[in-house]
Amino acid sequence: MVINLKRRYAKHCYVQGRRYHVTPIGDLPGITTILTETNGHNFKQWRDNNPEESQRCLDRGLELHDACEFYFSDNWTRNSFVTTEEQGRLFIKLHKDILKDVQCAITEHQVYSRLGFSGSLDCLGYWNGQLTLFDWKTSTKRKTPSQVIDYLLQVSAYSYALNELDGITVDKASVVIISEELERCQLFELNGDLINTYFAEFEKRLKWFQARTAIAS
């Protein structure tokens, strides 16, 4: 199957202090916004109590995403790749374990759904002969399965919206954790049946978010 997508670039706005995506069907809450507000953890409090570490983690993730996007662009050469030493180590891990074998179709592609959510998937491409939707996550330490549930809900939502908008059904939705602690990437994958199972859970969180924001307004 040849994937021929024209990239949709995401534009953002803020509604009642929340980050929304501007789409042709209206301003929709981002998937990460929905999950952050419905996961029962006070991330904002941790962020406010640890501003320097919070900013470092944010910068780390943004830099790695930029590096991955650049890697799959026509401008990539090893000599043109410039990053910090720390980010270089994380990128090398990801390249060795995953990127070098990915036949990329598109990166940073906006998806949205009439159910009322939007987001930008990190990468869609063929890996080990299977059409795979990837989400890159950086981390300070190893992640346990219980710590990546929201990440798996996130890629299930991307997969649903990609099918709704572009008619593409992925074989796998994969969350790749690139941690400072480990020498190898951690890989958490969903196949077709599990994608549907996790999306059903995401829908519950979406409805909860919609109910909360409706009450607040």
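Mentor: Gladly; what follows takes the labels one at a time and sets each value against its definition.

Mentor: This is a predicted model, where local features need pLDDT of at least 70, side-chain atom pairs count only at pLDDT 80 or more, and totals for chains, interfaces and linings use all residues. Residues are numbered from 1 along each chain as its sequence is written, and side-chain values use heavy atoms, with hydrogens and water left out.

Trainee: What makes up the secondary structure of the protein chain?

Mentor: The protein chain has six helices and eight strands, in the order β-β-β-α-α-α-α-β-β-β-α-β-β-α from the N terminus. Helices (H or I, at least four residues) and strands (E, at least two) are DSSP runs, numbered from the N terminus.

Trainee: Why are strand 2 and strand 3 said to pair?

Mentor: Two strands pair if DSSP finds at least two bridges between them. Strand 2 (residues 18-23) and strand 3 (residues 26-29) have four, in the antiparallel sense, so they meet the definition. Threonine 23 faces glycine 26 of strand 3, and two residues separate the strands in a hairpin.

Trainee: How do you know that glutamate 53 and arginine 56 form a salt bridge?

Mentor: The term calls for a side-chain nitrogen of Lys or Arg within 4 Å of a carboxyl oxygen of Asp or Glu. Here the closest N and O atoms are 3.0 Å apart, so the pair qualifies. Both residues lie in helix 3 (residues 51-71), three residues apart, about one turn of the helix.

Trainee: What does the salt bridge between glutamate 180 and arginine 56 tie together?

Mentor: The N to O distance in that salt bridge is 2.8 Å. Glutamate 180 sits in the loop between strand 7 (172-179) and strand 8 (186-190), while arginine 56 is in helix 3, so the pair ties together parts 124 residues apart in sequence. Glu53, Arg56, Arg60 and Glu180 are linked in a network of salt bridges, and the whole structure has 13 salt bridges.

Trainee: Why is glutamate 53 called partly exposed?

Mentor: Buried means under 20% relative accessible area, exposed over 50%, and partly exposed in between (1.4 Å probe, protein chains only). Glutamate 53 has 30%, arginine 56 has 27% and glutamate 180 has 30%, so each of them counts as partly exposed.

Trainee: And are aspartate 135 and lysine 137 buried or exposed?

Mentor: Aspartate 135, at 1%, is buried, and lysine 137, at 15%, is buried too. Their side chains meet in a salt bridge with 3.0 Å from N to O. Over the protein chain, buried residues make up 44% of the 217 residues.

Trainee: How do you know that the span of helix 3 is close to the expected one?

Mentor: The expected span is 1.5 Å times one less than the number of residues. With 21 residues, helix 3 is expected to span 30 Å, and its first and last C-alpha atoms are 30 Å apart.

Trainee: What makes the buried residues of helix 3 line one face?

Mentor: The buried residues are Ser54, Arg60, Gly61, Leu64, Ala67, Cys68 and Tyr71. Seen down the axis of helix 3, they fall within an arc of 165°, so they line one face. That arc is taken from the directions from the helix axis to the C-beta atoms. On the other side of helix 3, Pro51, Glu52 and Asp66 are exposed.
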